[in-house]
Amino acid sequence: MASLSLSYPSTAKTPSYLASSSSTLFSSSCSSLSFRTSQFRSPNSVFASVKCDLPESLNVRNGNPSIPIINERTLPKFLESARMEKTVNRTNSRLKLFSGTANPALAQEIAWYMGLDLGKINIKRFADGEIYVQLQESVRGCDVYLVQPTCTPTNENLMELLIMIDACRRASAKKVTAVIPYFGYARADRKTQGRESIAAKLVANLITEAGADRVLACDLHSGQSMGYFDIPVDHVYCQPVILDYLASKSISSEDLVVVSPDVGGVARARAFAKKLSDAPLAIVDKRRHGHNVAEVMNLIGDVRGKVAVMVDDMIDTAGTIVKGAALLHQEGAREVYACCTHAVFSPPAIERLSGGLLQEVIVTNTLPIAEKNYFPQLTILSVANLLGETIWRVHDDSSVSSIFL
């Protein structure tokens with residue numbers, strides 16, 4: 001039996017990579033918000049004609065990059081308002097937080113923000129690939145939250161989540177909430193051709209039938225996916241984390257233009273632009289000839305001499321982002337930034353993104369990013385505090401949507 005067991009210390013301690021000397025979560029210093037590697041750019045540049053200046057690299061210790069992501073139990077400044085003054089009960093011992101094997105680092109950060117220990121759970125894989133899950137502490141009558149993004153390997157992580165939900169239900173948990181920072185199969189949300197499946201609805205049915213009482217997800221590919229569930233869904237928007245970071249860069253609002261990489265993302269880009277002093281909007285007209293294959297056709301809007309910020313929910317193979325960046329440079333953009341919540345980074349994304357067209361690629365840690373996929377322009381922001389605050393509010397029956405108004 002091959003095993004992948006998860007065990008955590010009995011007391012809540014700050015992870016070593018979360019320790020930092022800065023005093024706020026999102027300070028004006030870029031190094032307190034992100035991490036980058038000190039590697040050189042890949043020689044296999046997709047577009048060698050245009051190069052952006054490389055940002056400064058962080059210190060590297062023993063060949064590994066330092067990762068100062070968060071350091072205090074605070075929320076992004078874009079969420080600071082009178083709405084946040086409501087007291088939330090944060091002492092209930094009936095709340096349990098467990099992590100699957102997909103992104104345990106994020107789960108540990110969430111637990112640290114909430115002042116909790118991660119629950120003890122044993123997850124094993126048999127020689128034939130079957131998954132075994134056993135909770136190693138009682139959850140009877142508890143409000144249980146399971147942190148498990150359905151990222152690569154998608155089917156394994158999805159099945160692991162379903163078995164974790166089933167284990168909690170059979171252990172007499174009062175409520176089971178699936179915290180899914182990245183919802184796999186979300187792009188299969190409609191039929192674009194005859195005889196296609198709608199996998200997003202199928203996965204929603206599987207999670208519901210497994211015994212989940214609620215789903216908490218980050219930046220779904222389309223809002224209609226919430227309607228596929230027959231249970232409540234709390235949709236967490238990660239824009240405030242990215243907006244706070246961009247605000248720290250002190251880019252003049254007169255020089256800024258927000259760009260949607262396709263027509264389908266216009267609503268997302270418009271909402272993003274309103275938060276950035278109502279910045280102007282540009283749209284890339286994209287024609288897709290197949291899955292993971294994109295072709296840029298035209299640009300709607302003016303970007304000449306401006307700093308273009310491309311906003312999307314995810315970067316997969318990076319074809320859309322890189323071809324869009326090439327078009328923006330052709331139209332006279334001074335700098336191009338790419339922002340997304342989910343860094344899927346399927347090959348050949350790293351080669352494309354590190355080719356020099358992008359000044360910076362800003363993503364969050366909803367998915368784990370392997371160290372081999374780091375490149376100089378990469379910046380990773382943590383959404384752990386945002387998820388931790390949302391979990392407290394769901395547990396306390398407080399408003400979640402008021403956080404993002």
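**Cysteines, core elements and backbone exceptions in the predicted model**

C142 is buried, at a relative accessible area of 3% (buried denotes under 20% relative accessible area, exposed over 50%, and partly exposed the range in between, with a 1.4 Å probe and protein chains only). The structure is a predicted model, in which local features require pLDDT of at least 70 and side-chain atom pairs count only at pLDDT 80 or more, whereas totals for chains, interfaces and linings use all residues. Residues are numbered from 1 along each chain as its sequence is written, and side-chain values rest on heavy atoms, with hydrogens and water left out.

The cysteine closest to C142 by sulfur position is C168, and the separation of 9.8 Å is too far for a bond, a disulfide being defined as a pair of cysteine sulfur atoms within 2.5 Å. C340 is likewise in no disulfide, since the nearest cysteine sulfur, that of C339, lies 8.2 Å away. C340 is also buried, with a relative accessibility of 0%. Under the stated criterion, the count of disulfides is zero.

Secondary structure was assigned from DSSP runs, numbered from the N terminus, with helices (H or I) of at least four residues and strands (E) of at least two. The buried residues of α2 are N157, L158, E160, L161, L162, M164, I165, A167 and C168. In an α-helix there are 3.6 residues a turn, so residues three or four places apart point the same way. The buried residues of α2 pack against strands β4 (95–99), β5 (121–125), β6 (131–135), β7 (143–147) and β8 (175–180), and against helix α3 (199–210), contact being taken as heavy atoms within 4.5 Å. In the loop between β7 and α2 lies P153, and the peptide bond joining T152 to P153 is cis, with omega near -5°. Just after α2, S172 adopts a positive phi of about 70°.

Strand β14 (residues 307–315) is largely enclosed by the rest of the structure, because nine of its nine residues are buried. Strand β11 (residues 256–260) runs parallel to β14 and is joined to β14 by four bridges, strands being paired if DSSP finds at least two bridges between them. Within this pairing, V258 has V309 of β14 as its bridge partner. β14 also pairs with strand β15 (residues 335–343), in the parallel sense and over eight bridges; here V307 stands opposite E335 of β15. Together, β14, helix α6 (residues 319–330) and β15 form a right-handed β-α-β unit.

Four aromatic pairs were counted. Rings of Phe, Tyr and Trp (its six-membered ring) pair if their centres lie within 6.5 Å, and planes under 30 degrees apart are classed as stacked, over 60 as edge-to-face and the rest as tilted. The pair of F126 and Y132 is edge-to-face, because the ring planes meet at 80°, with the centres 6.2 Å apart. F126 is partly exposed at 30% relative accessible area, and Y132 is partly exposed at 32%. The pair of F345 and F375 is tilted, since the planes are at 55°, with centres 6.3 Å apart. This pair links distant parts of the chain, 30 residues apart: F345 belongs to the loop between β15 and α7 (349–353), and F375 to the loop between β16 (360–364) and β17 (378–381). F345 and F375 are both buried.

The loop between β15 and α7 also holds P348, and the peptide bond from P347 to P348 is cis, with omega near 5°. Most residues other than glycine have a negative phi, and most peptide bonds are trans. D278 has a positive phi, near 55°, and is located in the loop between α5 (266–275) and β12 (281–290). At 57% relative accessibility, D278 is exposed. D397 has a positive phi near 60° and is placed in the segment after α8 (384–395). D397 is exposed as well, with a relative accessible area of 67%.

Definitions and conventions
Right-handed = clockwise from strand over helix to strand, strands pointing away.
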